[in-house]
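Have the sequence and the 3D view side by side.

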Amino acid sequence: MKKEITIIGVPMDLGQTRRGVDMGPSAIRYAGIVERLEDIQHEVQDFGDIHIGRPDGFQAQDPTHNLKNLKEVAEASEKLADAVSSVIAKERFPLVLGGDHSIAIGSLAGIAKHYSNLGVIWYDAHGDLNTAETSPSGNIHGMPLAASLGIGHESLTSIGGYMPKVKPENIVIIGARSLDEGERELIKEKGIKVYTMHEIDRVGMTAVMEETIAYLKDKTDGVHLSLDLDGLDPMDAPGVGTPVLGGISYRESHLAMEMLAESQMITSAEFVEVNPILDERNKTATVAVALMGSLFGEKLL
Ligand SMILES: NC(=[NH2+])NCCC[C@H](N)C(=O)O
Ligand SMILES: [Mn+2]
Ligand SMILES: [Mn+2]
C-alpha cells in the first residue's frame, strides 16, 4: 500500500555523552532512505532537521537534579512534538531519524495526541525506563519510555502539555538485555510486556512478533515503532553509543519488520542511536535503511 511519508531528522546528541550521534540523520540519508522508499512506490517528503540548541558551556549543572542537558532536551522535544503532530494532521506518516533516544519523548508527545490508545513497540537492548532517581548516568536517552508513561521530571513528562502519552498495557519491549534495578521494578509494577533476548532465543522471532501483533492489534488505534539500533547485535550494528552483546540479528530484525509490514498496524516510526563516528563505513545507517525498507513493505519477489 502506497504511503505518504514525511522524514524528520533530529540531530540530537545531548541525551547521552558520546558525541557523533547528532550525525545519525545525515548518515541515514546518505545511506539512501529517500530513494529506498521511493523505489517501493511511496511518496516521500523530507522535512529536514529540527534545530537543536547547544548548551551554554559556562552554565553549571542545575543542583536540583542530575539530568544532563535537561533544558536543551526539553526544548528540542517540544519542537519535535509540534513537527510530528503537524505531519499527522496532514495525514502523512511520520518517520523520525535520530539522534539519541531522548528524542522519543518529543515524537510520542506529537503522536499520542492523535490517538486514544496508542501502542508502542520499543525495539531496544534497554528499557529506557529510568528517572533522575534511578538513572545510573543522568543521561536522558535512558528515560524516554518512563517520561512517556508520565514518570520522571516534570520538564520531560509534560512535553506537549499533557500526560501520559502511553499506557503501560499498550507497550511491548523487544530485545531487552540490559535493565537497571529501577527499570526492573517499574516493569513489574506496571506489568509492561517485555520480550528479553531469553524469550527471543527460546521461542524465536516469529512467535515473538505474532504475539506482539496479537497483543496490540485490538486494543490500540495506532502503533508507534521506536527502534533503537542497539537492539541489534553490535556485530550487525556497531555504530551505537551503548552497545550490548548478544543482541537481535540482522535477519531476525528483517523478519520482525516484514511481519509488522504485513500487519499494517504501524502508524509512525523512529530509528535512533545511529552514531557514524563509532560506525564501520556507515554499516549501521545502511542496516537502518534496509530495515526501514522492510518495514515499509519491500519484498525480494
Ligand atoms: N537509548 C539508549 N541507548 N539508552 C541506554 C540507557 C543506558 C542506561 N540504562 C542508562 O540509563 O543510562
Ligand atoms: Mn538502547
Ligand atoms: Mn533506547
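**A sheet of parallel strands**

Eight strands form an open sheet: the 8 strands run in the order β2-β1-β3-β8-β7-β4-β5-β6, with parallel pairing. Two strands pair if DSSP finds at least two bridges between them. Strands (E, at least two residues) and helices (H or I, at least four) are DSSP runs, numbered from the N terminus. β2 (43-49) and β6 (193-196) stand at the edges, and each has a single partner strand, so one side of each lacks a neighbour in the sheet. From one strand to the next, the twist averages 15°. For such angles, axes are lines fitted to C-alpha atoms, and the angles run from 0 to 180 degrees between N-to-C directions.

This is a predicted model: local features need pLDDT of at least 70, side-chain atom pairs count only at pLDDT 80 or more, and totals for chains, interfaces and linings use all residues. Residues are numbered from 1 along each chain as its sequence is written, while chains are lettered from A and ligands numbered from 1 in the order in which they are written.

Now pick out strand β7, residues 222-228. Is β7 mostly covered or mostly open? It is mostly covered: 7 of its 7 residues are buried. A residue is buried if 20 or more other C-beta atoms lie within 10 Å of its own, exposed if 12 or fewer, and partly exposed in between, with C-beta atoms placed from the backbone. In a regular strand the side chains alternate between the two faces of the sheet. One side of β7 holds Gly-222, His-224, Ser-226 and Asp-228. The other holds Val-223, Leu-225 and Leu-227. Both faces are covered.

Next come the neighbours of β7. Strand β4 (residues 118-123) pairs with β7 in the parallel sense over 6 bridges. Here Ile-121 stands opposite Leu-225, and Trp-122 stands opposite Ser-226. Strand β8 (residues 266-272) also runs parallel to β7, joined to it by 6 bridges. In this pair, Val-223 faces Ile-266.

Two peptide bonds are cis. One runs from Gly-98 to Gly-99, with omega near 10°. Gly-99 sits in the loop between β3 (93-98) and α4 (104-112). The other runs from Met-163 to Pro-164, with omega near -5°. Pro-164 belongs to the loop between α6 (154-157) and β5 (171-176).

Glu-91 is not a glycine, yet has a positive phi of about 60°. Its loop lies between α3 (70-89) and β3. Glu-91 is exposed, with 7 other C-beta atoms within 10 Å. Asp-128, also not a glycine, has a positive phi of about 50°. Asp-128 is in the loop between β4 and α5 (144-148). This residue is buried, with 28 C-beta neighbours inside 10 Å.

**Around the ligand**

Which residues come nearest to ligand 1? Of the 15 around it, they are His-101, His-126, Ser-137, His-141 and Gly-142. A residue counts as near if its C-beta atom, placed from the backbone, lies within 6 Å. The shell has 1 nonpolar, 9 polar and 5 charged residues.

Notes:
Ala, Val, Leu, Ile, Met, Phe, Trp, Tyr, Cys and Pro count as nonpolar, Asp, Glu, Lys and Arg as charged, and the others, Gly among them, as polar.
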